[in-house]
Amino acid sequence: MRRIRSKDTLPELMLRREMHRLGLRFRCHSKDLPGKPDIVFRRKRVAVLVHGCFWHQHLGCIEASRPQTNSKYWSPKLARNVERDLKIEYALRNLGFETVILWECEIERDVSRAADLVKRAVERRNPALSSKGQDTLFIYSNKRSTSLSTESTRTTDRVILNRRGAAR
Ligand SMILES: [Zn+2]
């Protein structure tokens, strides 16, 4: 599938620099994960997706609704992008990842807040989940993805099914 997000955009670079400053270490553009998340914390299983406001249709954002010369062409295309984003988030969560969606305009407005949001998401992940990686058949997180605008932080991560159980 063609990649709709462009790699290493300025907001993304700003965010990565700020996250480094906070002492966070992560991988970028993990090709083996759905949607090639921009920033990935493997052990903690947190995936950060930096979304361009126009391509991913940031709701209520001026960048998302800038005038289009050929709306017959763009409308379905953008709708497909949004639908694809949802599928990617769902697939990542099914793999046990918490997804953090950051919009480019929000990063540009306050990069330290955006980086802090990621830091908190990483910190509240239970390390026990990942150290048992070998035994983990399926981790389901029904937590909604975190975003700056809807900052609900209810943690309801749960369910680890251990196939091998005590036999190990
Ligand atoms: Zn925006």
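**What the labels rest on**

Guide: Gladly! Of the chain's 168 residues, 29% count as buried. Please keep in mind that this is a predicted model.

Visitor: What makes a residue buried?

Guide: A residue is buried if 20 or more other C-beta atoms lie within 10 Å of its own. By that test, 29% of the chain passes.

Visitor: How many helices and strands does the chain have, and in what order do they run?

Guide: There are five helices and seven strands. Starting at the N terminus, the order is α-β-β-β-α-β-α-α-α-β-β-β.

Visitor: Why is strand S3 described as largely enclosed?

Guide: Strand S3 covers residues 46-51, and six of its six residues are buried, so the rest of the structure largely encloses it. Both faces are covered: Val46, Val48 and Val50 are buried on one side, and Ala47, Leu49 and His51 are buried on the other. In a regular strand, side chains alternate between the two faces of the sheet.

Visitor: What makes S2 and S3 a pair?

Guide: Two strands pair if there are at least two bridges between them. Strand S2 (residues 39-41) and S3 are joined by three bridges, so they meet that requirement, and they run antiparallel. Within this pairing, Val40 stands opposite Ala47. The hairpin of S2 and S3 has four residues between the strands, and there Arg45 takes a positive phi near 55 degrees.

Visitor: How do you know that S3 also pairs with S4?

Guide: The same rule of at least two bridges applies. S3 and strand S4 (residues 98-103) share six bridges, in the parallel sense. Ala47 stands opposite Thr99 in S4, and His51 stands opposite Trp103.

Visitor: Is S4 largely enclosed or largely open, and why?

Guide: Six of the six residues of S4 are buried, so S4 is largely enclosed by the rest of the structure. Glu98, Val100 and Leu102 point one way, while Thr99, Ile101 and Trp103 point the other way, and all are buried.

Visitor: Which residues touch the most other members of the largest nonpolar core?

Guide: They are Val46, Val48, Val100, Leu102 and Val118, in a core of 25 residues. Two or more residues come from each of helix H1 (10-21), S2, S3, S4 and helix H4 (111-123). H4 contributes the most, with six residues.

Visitor: How do you know that the buried residues of H4 line one face?

Guide: The buried residues of H4 are Ala114, Ala115, Leu117, Val118, Ala121 and Val122. Looking down the axis of H4, these fall within an arc of 150 degrees, so they line one face of the helix. An α-helix has 3.6 residues a turn, so residues three or four places apart point the same way.

Notes. Residues numbered from 1 in each chain as written. Predicted model: local features only at pLDDT ≥ 70, side-chain atom pairs only at ≥ 80, totals over all residues. Buried ≥ 20, exposed ≤ 12 C-beta atoms within 10 Å, placed from the backbone. Core = buried A, V, L, I, M, F, W, Y, C linked by C-beta atoms within 7 Å. Arc of directions from axis to C-beta.
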